[in-house]
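Open the model in a viewer and keep the sequence panel beside it.

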Amino acid sequence: MRVIIHGWAVVILLQIAGAGMALAGQLVQVKISNLAFQPAEISVQVGDTVEWANDDFIEHTATANNGGWDVILGVGHVGRVQFDQPGTFDYFCAYHPNMTGSIHVSAN
Amino acid sequence: MHASLSGGVAAAILMATATVSASAADKPSDAQIAHIAYVAGDIDVKAAKLALKKSKNESVRAFADNMVRDHTAVNEKALALVKKLNVTPEDNETSKSLVKQAEQKRAELSKLSGAAFDRAYVDNEVTFHGTVNGALETTLIPSASNAELKSLLRTGLKVFLGHKHHAEQLADKLN
C-alpha cells in the first residue's frame with residue numbers, strides 16, 4: 001500500500017505493516033466491496049482511526065475531497081487514517097469517482 | 001468523423017450480438033460470452049495505451065491509467081474463471097466485429113493529436129462503455145448460464161458503469 005501525504009495537519013496517516021500498532025482511539029473499519037464504501041457514512045471521535053479494507057479485485061483509493069489525504073488501496077490491502085481534529089471529511093475513490101464516503105469527526 | 005466511428009463500434013456490437021443470438025439457439029454460449037467480454041476489455045486497454053502514448057492532458061492520462069488498471073484486472077479474473085471452469089473462449093462474429101471496428105477506430109485516433117485527440121478518445125470512451133454496458137445488460141448477462149460467469153459480468157458492468165460516468169465527467173470538462 002502506498003500512502004500519499006499532503007501538507008495538511010488535520011489527520012495523521014498510518015501505514016500498517018504486519019502486526020498492528022497501538023492506537024490512541026478506536027479503530028473504525030470501512031469495507032470496500034462491490035465498488036462501494038461500506039458503510040459510506042461513519043461517525044468517529046477525535047483520536048479515532050479509520051481503516052479501509054479493499055475486498056474488491058480492483059484497486060481503489062480513499063481520497064479526501066479537500067486533498068488532505070490520499071490512501072491508495074491495492075487489492076486485499078488496508079489503509080488507515082487517524083483523525084485528530086473535529087469536522088466532516090468527504091472523500092472519494094480517485095479511480096472510481098462515483099464511489100464516495102463521508103466521515104464525521106466529533107470532539108471528545 | 002469521430003462520432004461515426006463510435007457509432008460504427010456501437011452498431012458492430014449490437015449487430016454482432018444479434019447475429020450470435022440468432023445463430024446459437026437464441027443466445028450466445030458461455031464460451032462466446034467470456035470471449036466477447038474479454039475482447040471488449042482488451043480493446044479498451046489498447047485504446048487507453050494509445051491515449052497514454054499520445055495525450056499530455058493529466059486528466060485524460062489518469063483516466064487512461066484507470067482503464068488499463070481496471071480492464072486488466074477484470075480480464076485477469078475472467079481468464080482465471082474460464083480456466084477454472086475448463087471453458088475454452090470461443091471466437092465468434094461479435095468478437096471479430098469488435099476487433100475489426102476497434103482497429104479502424106485506433107487508426108483514426110492515431111491521426112489526431114492534442115486537444116482533438118483528447119476529445120475524440122474520451123467521447124469514444126463514453127460511447128464504447130455505453131454500448132458494451134447495454135450489451136452486458138440486455139444480452140450477455142441474461143444469456144450467461146454459469147453463476148460465477150454471470151456474477152463476474154455483473155461486477156464488470158458495475159465497474160464499467162463507473163467508467164462511463166467518469167468519461168462523461170471528463171468529456172464535459174474537455175468540451
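Select residues 29-170 of chain B: this stretch is 88% helix and 0% strand, and its end C-alpha atoms are 36 Å apart. Helices here are DSSP runs of H or I with at least four residues, strands are runs of E with at least two, and both are numbered from the N terminus. The UniProt annotation "domain: DUF4142", from an unreviewed entry, covers residues 29-170 of chain B. UniProt positions are given in the numbering used here, feature names are shortened, and annotations may be inferred rather than shown by experiment.

This is a predicted model, in which local features need pLDDT of at least 70 and side-chain atom pairs count only at pLDDT 80 or more, while totals for chains, interfaces and linings use all residues. Residues are numbered from 1 along each chain as its sequence is written, and chains are lettered from A and ligands numbered from 1 in the order in which they are written.

Of its 175 residues, 42% are buried (20 or more other C-beta atoms within 10 Å of the residue's own; exposed means 12 or fewer, partly exposed in between, with C-beta atoms placed from the backbone). Among contacts in chain B between residues at least 6 apart in sequence, 81% join residues at least 24 apart. A contact here means that two C-beta atoms, placed from the backbone, lie within 7 Å.

Next, select helix α2 (residues 30-54) and helix α3 (residues 58-85) of chain B. Their axes are 8 Å apart and the packing angle is about 155 degrees, so α2(B) is roughly antiparallel to α3(B). Axes are lines fitted to C-alpha atoms, for helices over the stretch in contact, and angles run from 0 to 180 degrees between N-to-C directions. Angles under 35 degrees count as roughly parallel, over 145 as roughly antiparallel, 65 to 115 as roughly perpendicular and the rest as oblique. α2(B) passes α3(B) in a left-handed crossing (the near helix is turned anticlockwise from the far one by less than a right angle; clockwise would be right-handed). To see the contact, show side chains including Ala34(B), Tyr38(B), Gly41(B) and Leu52(B) on α2(B), and Val60(B), Met67(B), His71(B) and Val82(B) on α3(B). By class, this contact of α2(B) with α3(B) has 14 nonpolar, four polar and four charged residues. Ala, Val, Leu, Ile, Met, Phe, Trp, Tyr, Cys and Pro count as nonpolar, Asp, Glu, Lys and Arg as charged, and the others, Gly among them, as polar.

The contact of α3(B) with α6(B) has eleven nonpolar, four polar and four charged residues.

Now centre on Pro89(B), in the loop between α3 and α4 (93-110) of chain B. Is Pro89(B) buried or partly exposed? With 19 C-beta neighbours inside 10 Å, Pro89(B) counts as partly exposed. Not counting residues up to four places away in sequence, Pro89(B) touches Ala31(B), Ala34(B), His35(B), Tyr38(B) and Val82(B).

Bring chain A into view. Twelve residues of chain B are in contact with nine residues of chain A. On the chain B side, α3 and α6 (147-174) each give two or more residues, and α6(B) gives the largest share, seven residues. That side of chain B has two nonpolar, six polar and four charged residues.

Finish with the backbone of chain A. Most residues other than glycine have a negative phi, and most peptide bonds are trans. A cis peptide bond joins Gln38(A) and Pro39(A), with omega about 0 degrees. Pro39(A) lies in the loop between β4 (37-38) and β5 (41-45) of chain A. Asn34(A), not a glycine, has a positive phi of about 55 degrees and is exposed, with 12 other C-beta atoms within 10 Å.
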